[in-house]
Amino acid sequence: MAGLESISTVFCFLFFSFTALFSLFSLLVFILRLRPWCNCHVCRNFLTSSWTKDFDNFCDWYTHLLRKSPTGTIHLHVLGNIVTSNPENVEHILKTRFDNYPKGKPFTVILGDLLGRGIFNVDGDTWRFQRKMASLELGSLSVRSHALEVVAAEIHSRLIPLLASVSGKESNGGVLDLQDVFRRFSFDNICKFSFGLDPGCLEPSLPASKFADAFDLASKLSAERAMTSSPVLWKIKRFFNAGSEKQLKEAVTMIDDLAKEMIRQRREMGFGAKNDLLSRFMATVDDDKYLRDIVVSFLLAGRDTISSGLTSLFYLLSQHPEVTQAIREESDRVMGRAGATPSFEQMREMHYLHAVLYETMRLFPPVQFDSKFCQEDDVLPDGTFVKSGTRVTYHPYAMGRMESIWGPDCLDFKPERWLKNGIYSPESSYRYPVFQAGERVCLGKELALVEMKCVAVALIRRFDIQVSQPGQAPRFAPGLTATVRGGLPVRVEEREG
Ligand code: HEM
């Protein structure tokens, strides 16, 4: 017994010594990798969070700084981050010197646990392969028609009945969280479209979905990693499987298990004749882990972005009844009084609706900012020097609020700014990088616009939707896409006739 006790004492001693040494080592690495201390007012405001005294949202503070900067570019030294709202810089990063501004290793590591080798998180040949495959799929007519069928079915069988069921009711004080409804709606759609499986999140009981919740948590915690001043901080937590890193690991394990199960089911059911994206990728890719990564990226791409865009649309419409009225008139003219959702041809004729969506996302882009990492020292067109290894961020949210780009009425919601003689007139994607631009421009743009148009027309024609507190500016929660804290509570009334 005495022998056993001494062995366990030695074991405990070794264990604690190792832990203490490791902690010391981590602390040393942390100190060595801390960004140089900077006492400029921007870095001080960031480190002391004093910007929160004047601004509700981080993106509003950045917008304020970028509007004041003569070049439209700022440098947050403590984060090693150059942020720009200058369209010439954006073109330089996303097109002219595309190869010098990859996603880069720091992001691949930050998002690696959630996204793996999915398209959002890779560069080089792996990215090229997925982009080619995905653009063939998303560009194909049959996939687009399939997507429209999926969306129309979800609108008719779930979205409209749900809103009709709360119309005029005083249950819940007559209030419905429209952001939550859109998140459920777009999650059902993207799962049906990507996997061919229906999670049923928008069923009348609004059931909790473990998968959707795990997804929310994992994307929120992954985004928070990028906000720490040094990656060593979250890496230590991950090593000890502690706090938010433990939660992230659990959420990712759940996503992995569900994705594996979906892939298994698809393989059993046979995927040859199916139209969903997973089946199409399965015809070329054998590796289940890789398939999981591909599909998770698509879920992320197609879910929160669309619900974010729709939430902002209804927030803005409730402050602009004249825009709602103009959409009704246009849809009546193009579709007649019958039918809830428009066809592809009818959508093409609705220039005003198209302009409304572009104007909505100018003020409230679903992806508020996006970063790359500079590979070799470079100079941006506005003269900013960029040292290799620096994170460079372009900021669509701030860009939508720049007088230099949109004129003195840049803060006003004016769909007409996109129309010339009633016909939609596009703007350079480097001035409006809401869908990114250049080599990595969003592959789901057309699909997203189709989905958003269908929802907008179906709901606006059938219901009056009033936001409960229309004067309250949105406050955003941290995450990879813009999500409003507290949701968007609305009152719904079914229209006559
Ligand atoms: C309003 C809706 C949407 C917006 C605002 C949007 C915006 C964006 C942005 C900013 C990027 C660049 C992200 C980055 O590189 O970090 C992107 C990439 C991408 N988007 Fe979208 N997106 C939307 C909807 C969709 C949908 C519905 C899909 C697919 C079903 C999709 C598929 C993709 C893919 C595959 C990429 C990666 C492209 C690449 O890296 O080559 N997106 N999107």
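Three bridges join β3 to β13, and the two strands run antiparallel; strands here are DSSP runs of E with at least two residues, helices are runs of H or I with at least four, and both are numbered from the N terminus. Two strands count as paired if DSSP finds at least two bridges between them. Before going further, please note that this is a predicted model, in which local features need pLDDT of at least 70 and side-chain atom pairs count only at pLDDT 80 or more, while totals for chains, interfaces and linings use all residues. Residues are numbered from 1 along each chain as its sequence is written.

Now follow β13 to its other partner. Five bridges join β10 to β13 (residues 489-494), again antiparallel. Along this pairing, V467 has V490 as its bridge partner, and F463 has E494. Together the three strands make an open sheet in the order β3-β13-β10. Its edge strands, β3 (175-177) and β10 (463-467), each pair on one side only. Neighbouring strands of this sheet are turned by 40° against each other on average, direction ignored; the axes behind this angle are lines fitted to C-alpha atoms, for helices over the stretch in contact, and angles run from 0 to 180 degrees between N-to-C directions.

Let us step back to the whole chain. Its secondary structure comes to 19 helices and 13 strands. Of its 497 residues, 38% count as buried, meaning that 20 or more other C-beta atoms lie within 10 Å of the residue's own; with 12 or fewer a residue is exposed, in between it is partly exposed, and C-beta atoms are placed from the backbone. Among contacts between residues at least 6 apart in sequence, 74% join residues at least 24 apart, a contact being two C-beta atoms, placed from the backbone, within 7 Å.

What lies inside? The largest nonpolar core has 116 residues, and those touching the most other members include I255, F314 and A456. Such a core is a set of buried Ala, Val, Leu, Ile, Met, Phe, Trp, Tyr and Cys residues joined through C-beta atoms within 7 Å. Helix α13 (residues 288-319) gives this core its largest share, 15 residues. Leaving aside neighbours within four places in sequence, A456 is in contact with L313, I327 and L353.

Helices α6 (124-139), α13 and α19 (445-462) each supply at least two shell residues. Of the 22 residues around the ligand, G302, T305, C442, G444 and A448 come nearest; a residue is near a molecule or strand if its C-beta atom, placed from the backbone, lies within 6 Å of it.

One of these, C442, is listed by UniProt as "binding site" in an unreviewed entry. UniProt positions follow the numbering used here, feature names are shortened, and annotations may be inferred rather than shown by experiment. C442 lies in the loop between β9 (423-424) and α19.
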